[in-house]
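Biologist: Can you take me through this one? I'll ask as we go.

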Amino acid sequence: MQLKNDGDIVRAIGYVVIMASYLEDVIVECVEYLICLNEICEDTAKKVRNGQASSQIKFIKQQIKLLNCDETITHNRIKTLEYISSLLEQRNIAVHGRIYATRNQGDIQKL
């Protein structure tokens, strides 16, 4: 789904937050799948479940490396996870940036 650029920074940030929350849901699903698949002990599983998305992505990367997959497939999955981490970092920057109303330019965001 693409958002039309109407110059509304607040709406755009809201859109980013919503889309990132869907992404984080998928991360949690991957974590749960890998916990079951690799029979992770309950203490470790609890730490991973309660961790931030960046920690969960690190866990997924570690578990993917343990799977018996083609090296190219593993490499591509790791690259995708690194891209996802980057997107979530950019989301954090956008969400925590300050928005100012100006007379001549409309709303501007300082990151």
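Modeller: Valine 48 is a place to start: it is buried, with a relative accessible area of 11%. Buried means under 20% relative accessible area, exposed over 50% and partly exposed in between, with a 1.4 Å probe and protein chains only.

Biologist: Where does valine 48 lie, and what does it touch?

Modeller: Valine 48 lies in helix α2. Not counting residues up to four places away in sequence, it touches Val31, Gln56 and Phe59, where contact means heavy atoms within 4.5 Å. Helices are DSSP runs of H or I with at least four residues, numbered from the N terminus.

Biologist: And what should I know about the source?

Modeller: This is a predicted model, in which local features need pLDDT of at least 70 and side-chain atom pairs count only at pLDDT 80 or more, while totals for chains, interfaces and linings use all residues. Residues are numbered from 1 along each chain as its sequence is written, and side-chain values use heavy atoms, with hydrogens and water left out.

Biologist: OK, packing. At what angle do α1 and α3 pack?

Modeller: About 40 degrees, for α1 (residues 9–37) and α3 (residues 53–66), with the axes 10 Å apart. Axes are lines fitted to C-alpha atoms, for helices over the stretch in contact, and angles run from 0 to 180 degrees between N-to-C directions. The two helices α1 and α3 are therefore oblique to each other; angles under 35 degrees count as roughly parallel, over 145 as roughly antiparallel, 65 to 115 as roughly perpendicular and the rest as oblique.

Biologist: Which residues make that contact?

Modeller: From α1, Glu24, Ile27, Val28, Cys30, Val31, Leu34 and Ile35; from α3, Ala53, Gln56, Ile57, Phe59, Ile60 and Gln63. By class, the contact of α1 with α3 has 10 nonpolar, 2 polar and 1 charged. Ala, Val, Leu, Ile, Met, Phe, Trp, Tyr, Cys and Pro count as nonpolar, Asp, Glu, Lys and Arg as charged, and the others, Gly among them, as polar.

Biologist: How are α3 and α4 arranged?

Modeller: They pack at about 175 degrees, and their axes are 10 Å apart. So α3 and α4 are roughly antiparallel to each other. Among the residues that meet there are Ile60 and Ile64 in α3 and Thr74 and Leu81 in α4. That contact has 8 nonpolar, 2 polar and 4 charged residues.

Biologist: Thr74, then. Buried or exposed?

Modeller: Threonine 74 is buried, at a relative accessible area of 15%. Leaving aside its neighbours within four places in sequence, threonine 74 is in contact with Ile64, Lys65 and Cys69.

Biologist: Which residues touch the most other members of the largest nonpolar core?

Modeller: Ile27, Phe59, Ile60 and Leu88, out of 16 residues in that core. Helices α1, α2 (42–50), α3 and α4 (71–96) each supply at least two residues of it. A nonpolar core is a set of buried Ala, Val, Leu, Ile, Met, Phe, Trp, Tyr and Cys residues joined through side-chain atoms within 4.5 Å.

Biologist: What does Leu88 touch?

Modeller: Ala20, Leu23, Glu24, Ile27, Ala53 and Ile57, not counting residues up to four places away in sequence.

Biologist: Changing topic: what is phi at glutamate 39?

Modeller: Near 50 degrees, a positive value in a residue other than glycine. Most residues other than glycine have a negative phi. Glutamate 39 is in the loop between α1 and α2, and counts as exposed at 71% relative accessibility.
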